[in-house]
Amino acid sequence: MKTYDTVVVGAGVTGLTAAWRLVEGGQDVLVLEARDRVGGRLRTEDHNGSDFEIGGQWVSPDQEALIALVAELGLSTYSRYREGESLYVDRARIARRFTGEELPVDEQTGKEIDRLIGVIDDLAAQMDPDRPWEHPQAASLDSVSFAQWLDAQTTDQEARDNIALYLGPAMLTKPTHSFSALTAVLMSASAGSFTHLVDADFILDKRVVGGLASVPAALAARLGDRVRLSADVTHVAWTADGAVVTVDGEQIGARNVVLALPPTHVRRIRITPELPAEHRHAREHQSFGLVIKVQAEYDTPFWREAGLSGTGFGPWELVHEVYDNTLHGKATGTLVGFVSDLNADALGRVSADERRAAILASFAAYFGDAALTPRTYVESDWQHQELTGGAYATSFDVGSLTRWGAKLHEPVGPIRFGSSDIAGLGFQHVDGAVRMGTRLAQNILDQQILAS
């Protein structure tokens with residue numbers, strides 16, 4: 001039986017980063033990936049002669065670990081198109097133009113939105129995102145849903161709906177009654193502040209030429225035949241001294257095992273001796289959000305001719321946010337929009353034609369009838385893929401972050417766990433995956449030094 005220093009399960013960004021850093025540290029490493037490709041929740045597909053990023057795609061200035069890795073891999077970036085006015089679709093489905101970050105709402109609602117942003121910023125400033133359960137108000141914030149917390153903060157419904165948009169549909173892709181106020185603060189702290197999250201020009205700053213999936217592709221290229229695809233791990237048997245990993249009936253020895261998987265997917269692997277009860281409980285209280293990412297390519301970026309940036313927000317729209325997603329150097333124009341949580345549930349139950357018609361009608365609420373007839377229409381709906389199960393990542397239900405958050409970071413014997421789902425900085429983002437992969441590798445290398 002061949003034995004490796006470390007076997008990494010999962011060839012997403014976390015697993016590939018961990019593997020590469022371990023190889024740099026002199027280890028003999030094997031990466032096992034159940035899919036027939038690397039990248040996990042990052043993927044680029046060709047449709048009608050154009051590339052479409054199906055998963056994650058943006059890079060923001062706070063994502064320093066990802067920015068450094070992009071540079072290290074020799075990849076380049078370009079800025080998202082943002083010239084012109086943005087749109088805000090109100091309850092009456094009237095699209096109002098505005099510039100900057102101040103929404104075109106009445107003065108009192110605008111003040112309430114600004115005040116709530118400040119309150120969340122203050123709470124986020126008190127949090128170490130790597131240890132959210134140690135926040136001074138962790139117990140109380142984790143005991144109420146974000147919806148309940150917002151209701152207690154203001155009676156201004158429009159202000160509540162707009163604040164909810166950024167943290168519910170746009171980020172965690174869950175209804176605000178299903179996650180705690182502490183989780184909302186964690187999402188804010190993980191990006192540096194809630195102010196960053198509401199600033200589209202900041203959080204959706206740049207894209208990688210060739211797509212963000214170029215990052216895992218470049219890492220896999222460096223790892224070469226250390227990466228094995230279509231290798232679905234079914235069993236890990238461990239002792240204090242190492243583990244035996246079973247894949248396709250083959251047994252592989254490992255001194256260390258990294259399960260670079262979403263917490264919900266650890267249960268796909270039979271682990272003996274079984275994980276301690278608290279480890280199981282922690283993962284049973286994690287779940288994915290749901291989002292349908294929709295991209296519509298047109299012969300030209302017609303909205304630019306009307307002085308629009310392509311950016312739009314509609315808290316009550318089926319497509320709650322939309323952006324210019326035109327590829328670098330392309331003459332065509334592409335819009336990207338998102339349908340999440342309860343709306344994604346509903347659209348998952350209708351036919352593809354009905355879904356497309358409803359989504360394009362929502363695009364038209366922003367940009368008029370010209371948005372109804374794209375040359376190419378692409379949906380990416382991760383909830384129907386077993387090896388993902390949702391998007392963008394997992395999070396705890398109400399009351400669970402303080403109970404079990406720390407447990408997800410604890411190793412069990414030679415087995416370590418990690419993914420962007422449990423990152424602090426870069427929580428649920430590719431930057432968090434890079435940070436987690438780097439941390440996992442460093443922990444193993446540090447342990448190796450102590451044992452020598």
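This is a predicted model: local features need pLDDT of at least 70, side-chain atom pairs count only at pLDDT 80 or more; totals for chains, interfaces and linings use all residues.
Biologist: Why does the radius of gyration agree with a compact globule?

Modeller: For 452 residues the rule gives a radius near 22 Å, and the chain has 22 Å, so the two agree. The rule is 2.2 Å times the number of residues to the power 0.38, and the radius is taken over C-alpha atoms. Along its principal axes the C-alpha trace spans about 65 × 50 × 40 Å.

Biologist: How many helices and strands does the chain have?

Modeller: There are 16 helices and 22 strands. Both are DSSP runs, numbered from the N terminus: helices are H or I with at least four residues, strands are E with at least two. Among contacts in the chain with a separation of 6 or more, 74% join residues 24 or more positions apart; a contact needs heavy atoms within 4.5 Å.

Biologist: What share of the residues in the chain is buried?

Modeller: Buried residues are 59% of the 452. Buried means under 20% relative accessible area, exposed over 50%, and partly exposed in between (1.4 Å probe, protein chains only). The chain exposes about 17,500 Å², of which carbon and sulfur atoms supply 49%.

Biologist: What makes the pair of Phe302 and Trp303 edge-to-face?

Modeller: The structure holds 14 aromatic pairs. In the pair of Phe302 and Trp303 the ring centres are 5.0 Å apart and the planes stand at 80°, so the pair is edge-to-face. Rings of Phe, Tyr and Trp (its six-membered ring) pair if their centres lie within 6.5 Å; planes under 30 degrees apart are stacked, over 60 edge-to-face, and the rest tilted. Phe302 has 17% relative accessibility and therefore counts as buried, and Trp303, at 1%, also counts as buried.

Biologist: Which residues do ring pairs link into a cluster?

Modeller: The cluster consists of Trp58, Tyr166, Phe194, Phe313, Tyr323, Phe338 and Tyr392. Tyr392 sits in the loop between strand E20 (376-381) and strand E21 (394-396). The peptide bond joining Ala391 to Tyr392 is cis, with omega about 0°. Another cis bond runs from Thr272 to Pro273, with omega near -10°, and Pro273 is in the loop between strand E14 (270-272) and helix H11 (277-284).

Biologist: How do you know that helix H10 (residues 214-223) is mostly covered?

Modeller: Of its 10 residues, 7 are buried. They are Ser214, Val215, Pro216, Ala218, Leu219, Ala220 and Leu223. Their cover includes helix H1 (13-24), helix H2 (64-72) and strand E9 (206-208). After H10 comes Gly224, with a positive phi near 60°.

Biologist: Why is Ser188 called buried?

Modeller: Its relative accessible area is 0%, so Ser188 is buried. Ser188 belongs to helix H7 (residues 181-190). Beyond its neighbours within four places in sequence, Ser188 is in contact with Ile120, Ala124, Leu167, Ser193, Phe194 and Leu197. Its C-alpha atom is 10.0 Å from that of Gly426, 238 residues apart along the chain.

Biologist: Is Ser230 buried or partly exposed?

Modeller: Ser230 has a relative accessible area of 44%, which means that it is partly exposed. Ser230 has a positive phi near 50° and is not a glycine. Thr173 is not a glycine either, and its phi is positive at about 55°. Thr173 lies in the loop between helix H6 (157-172) and H7. With 1% relative accessibility, Thr173 counts as buried.

Biologist: Why is Asp90 called buried?

Modeller: Asp90 has a relative accessible area of 9%, so it is buried. Asp90 is in the loop between strand E7 (85-89) and strand E8 (95-98). Leaving out neighbours within four places in sequence, Asp90 is in contact with Arg96 and Trp316.

Key
Residues are numbered from 1 along each chain as its sequence is written. Side-chain values use heavy atoms; hydrogens and water are left out. Accessible areas come from the Shrake-Rupley method with a 1.4 Å probe; for residues, only the protein chains shown count as cover.
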